[in-house]
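Welcome to this tour! Open your viewer, get your selection tool ready, and we will walk from stop to stop together.

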Amino acid sequence: MIYREAGQFKSTYADDQAIFPIRQDRISLTIFGLLAFLGVPMVIDDYWANAVFIPLLVFTLAALGLNILIGYCGQLSLGTGAFMAVGAYATYKLMTAFPDLNFIIIVVLSGFVTAGVGVLFGLPSLRIKGFYLAVATLAAQFFLVWLFNKVGWFFNYNATGQINATRMEVFGVQITGPEATPTSRYLFCLLFTVVFALVAKNLVRGRIGRSWMAIRDMDIAAELIGIRPLHTKLLAFAVSSFYVGMAGSLYFSVWLGAAEVTEAFSINQSFYVLFMVIIGGLGTILGSFLGAAFMVLMPILLKNFMVGGIGVEVVTAKHVEIMVMGILIVTFLILEPHGLARLWQIMKEKLRLWPFPY
Amino acid sequence: MSERRHPIGEQLLSVDHISLSFGGVKALSDISLYVKEHEIFSIIGPNGAGKTSMLNVINGFYHPQEGEITFRGVHRKRMRPYEAAKQGIARTFQNVALFKGMSTLDNLMSGRLLKMHKNIFWQALHLGPAREEELQHREKVEEIIDFLEIQAIRKVPVGRLPYGLQKRVELGRALAMEPDLLLLDEPMAGMNLEEKQDMCRFILDINEEYGTTMILIEHDMGVVMDISDRVAVLDYGRKIADGPPDEVRANQEVIDAYLGVSHD
Amino acid sequence: MDLLFFSETLISGLMAGVMYALVALGFVLIFKASGVFNFAQGVLCLFAALALYDFISEDGWVYQLFGFALPVWLGILLTIGVMIAVAWLIERLVLRHLVNQDPIILFMATIGLAYVLEGVGDILFGSDVKPLDIGIPQGASDYLLDHHNLYIEKLEVVAAVTAAVLVAVLATFFQKTRIGRALRAVADDHQAALSVGISLNTIWVIVWSVAGIVALVAGIMWGSKSGVQFSLSLIALKALPVLILGGFTSVPGAIVGGLIIGVGEKVAEIYAGPLVGGAIENWFAYMLALVFLLFRPQGLFGERIIERV
């Protein structure tokens, strides 16, 4: 009853192809947008920014990138952690070399650098498919982490090997560094996420998205439509790495403020984002949001429940958390392998009829 | 027969002395045939005769060890499927090769990909040129949807469609490429009588409306003899007959190898 | 170049390779029979070793409950029992429900499984490093050291011999027994196997049990060498390059792949390591696998993937 499309007719193809063709969706999105842009900044503080909102946005960006590669183009990658590192280190080098540059430019540039690296490690994808490609990306993962650890140039030869974010501004507002307020950091990330989510949606519903999906579904048939597999796959790697690189950049500079490569960008990070994409829903933009929310919020909820709620020791709680995450992942995969996005779709279908039984 | 809107023209495609082997197996032996523009040409023969391999060679999937292919006057020994598509050759498959994760509409739109060029930045914004292009091609595709009468399943993911409809969607995707030459590999396999009649009608309409030259592999003799302009018969990788349907039907070798004689 | 040193490096690499091969064997078994790349194999090694340690040592549950630790042979038997139970649980709770899914879903499920086993292992047995001593001789081989000036650990020799025996046993099992034949049938075609009456579920329990036992052997070797610790579970990742080289479905391939990777890593680390600051071992195996994939995507012994249109 709430969610009826009756009476909403589309008379042009343009209307039919809109991102949110149904009025109810548009309304809820506007409300959501108002909450996000105006509501949250009013109540946000350092804790909430660091624990919930900023990681949520940063990982949504990363999940969008990985979803493009795996969900839309069907190329499996386990190198997300390393590509985030590329973004982070690019940002570090740029911010230390050009401290007065507008930070937006730095983040976007870091994205482009990562896109380049992504294309390089994506080259094998013409010969190699599926699991085997995953191994190729593992090579990228381990090699790049080693590289950033060993080669001093990347961390400006400082003693600890750690990279620290310096003070950077955008139009006079400080975004990184010690004096940046949670509001400005949050809004910066929010802006990036919203803008690039929109870009992603536009890409996947147009010709580029279709060529990616064609490669994913049957790359042999794709060739005879006139799609060039190598170009298409490399484009996927490029765009995906662009997103992941920006996510890494924000992760390091806006969220953590510092990073040590073997901890922050290890293979665990790759799995973390992979889980987001799978649980959220492969091949959907919404899924990237939902998956990121799930993976970021679930451990927090678990810990609060265990340590705060029933008084479990912190160490044991960590072990239980690992176990529960595993159980949740397996359960999810059994019950709804198409992810939260599909669950959401099913719920909308049910809402169409509710409260009627049929 | 009434006047054809696109009368049969000159040679469009010819294959000369094509031989194809896989390891020890000889799939095609010294086959030569030609197809004229605007005609419907059928290839028939027992299973394993090499019919699909022949299409695969024309399409660029398989590269023959010997022989040449001439399309629109251009000789070539080997070609990639991508180039074949660019030159105006489209194809359907025995085991439907649709993009199962996409809707009918998206599958048909993917057939327009060769004609869509607006670069990635316009795509990212989905404004102006990219949007215009998208809508333009959407119109074209809707014409095909009307023609094939598949409006109701526009948004359905093709993986969920019944086999007969999938084959129709595949035909639609091939048509969306606006091909000069259309290769159809058993387009009526697994269909009941009604569906076959529909498919026949579509094939004839396509040939009539757009003048598309068609090469057809089919087992239903009634259909083949009815709609083809010329027929070639393959057996064990060799061509054993080539000509108008009536001639081929009466050819003794063809009868022995494939057609058989009716006993009433 | 010092020939003696090179020989030592070579042999040391071969021994490391044997250790890798032991773990890779478990992967091959499961992949052969169910088409699943079992990311949890490494954690199974860890879990098996943890369980064994618990049975035979003085700070395990058994000792706390009964006042004595079990003799090694009994501990091993019981651990085998535990691994079979784990296999049964995995089949019942997880595999059965994921029968027709995409390979990537199955792979993700095994990652989830790995997390579960790791968490459970930590909770039950604690996450500190435990020295595992089941009586395998430690230290360098005196004979070789004295007579040929070669430093080779006795443990590694034992591991090599064990691996050889294990491979022989597995090969015979697959070729000669009825169950082995059923396993090969399932690996070929699930549907066809079902239609001749082979119970998929039973097969899977068997395969995962065997993989569990292989994991136990690997766990014992690794545990004796460097103590039972969490990093054992990361071996799963190292197994991937081994499998790439050897082919995902080949038992001899796992051995050969393991040996090549072991030797390659050691040689690269010793000879090229100092030039670039060391720790080449972290990524060398993967780069090697990558290069290999570019020229031979199916590995040395794997099956050629033929795509038909």
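**Stop 1: aromatic rings**

Over all chains, the structure holds 39 aromatic pairs; rings of Phe, Tyr and Trp (its six-membered ring) pair if their centres lie within 6.5 Å, and planes under 30 degrees apart count as stacked, over 60 as edge-to-face and the rest as tilted. Before you select any, note that this is a predicted model, where local features need pLDDT of at least 70, side-chain atom pairs count only at pLDDT 80 or more, and totals for chains, interfaces and linings use all residues. Residues are numbered from 1 along each chain as its sequence is written, chains are lettered from A and ligands numbered from 1 in the order in which they are written, and side-chain values use heavy atoms, with hydrogens and water left out.

Select A:Y89 and A:F148. Their rings make a stacked pair, 4.3 Å centre to centre with 5° between the planes. A:Y89 belongs to helix α4 (residues 80-97) of chain A and A:F148 to helix α6 (residues 130-150) of chain A, so the pair ties together parts that are 59 residues apart in sequence.

Now move to B:F147 and B:F202, a tilted pair with 5.9 Å centre to centre and 55° between the planes. This pair links helix α5 (residues 128-148) of chain B with helix α7 (residues 193-210) of chain B, 55 residues apart. Both B:F147 and B:F202 are buried.

**Stop 2: charges over rings**

Select B:R91 and B:F93: the arginine lies over the face of B:F93, at 4.2 Å from the ring centre. Then try B:R173, whose charged end sits over the ring of B:F99, 4.8 Å from its centre. Here, a charge sits over a ring if NZ of Lys or CZ of Arg is within 6 Å of the ring centre and within 35 degrees of the ring normal.

**Stop 3: a sheet in chain B**

Show chain B as a cartoon and look for an open sheet of four strands, ordered β2-β1-β4-β5 with antiparallel pairing; two strands pair if DSSP finds at least two bridges between them. Its edge strands are β2 (25-36) and β5 (74-76), each pairing on one side only. Zoom in on strand β4 (residues 66-71) of chain B, which three bridges join to β5(B). Which residue is the bridge partner of B:T70 in β5(B)? That partner is B:H75.

**Stop 4: the nonpolar core**

Select A:F103, A:L144, A:Y243 and B:I215: of the 298 residues in the largest nonpolar core, these touch the most other members. Such a core is a set of buried Ala, Val, Leu, Ile, Met, Phe, Trp, Tyr and Cys residues joined through side-chain atoms within 4.5 Å. Helix α6(A) gives the largest share of this core, 16 residues. Apart from it lies another core of eight residues, including B:V231 and B:V254.

**Last stop: A:L57**

Finish at A:L57, in helix α3 (residues 46-72) of chain A. A:L57 and A:F192 are 135 residues apart in sequence, yet 8.6 Å apart in space, C-alpha to C-alpha. A:L57 is buried, at 10% relative accessibility.

Terms used
Helices (H or I, at least four residues) and strands (E, at least two) are DSSP runs, numbered from the N terminus. Buried means under 20% relative accessible area, exposed over 50%, partly exposed in between (1.4 Å probe, protein chains only).
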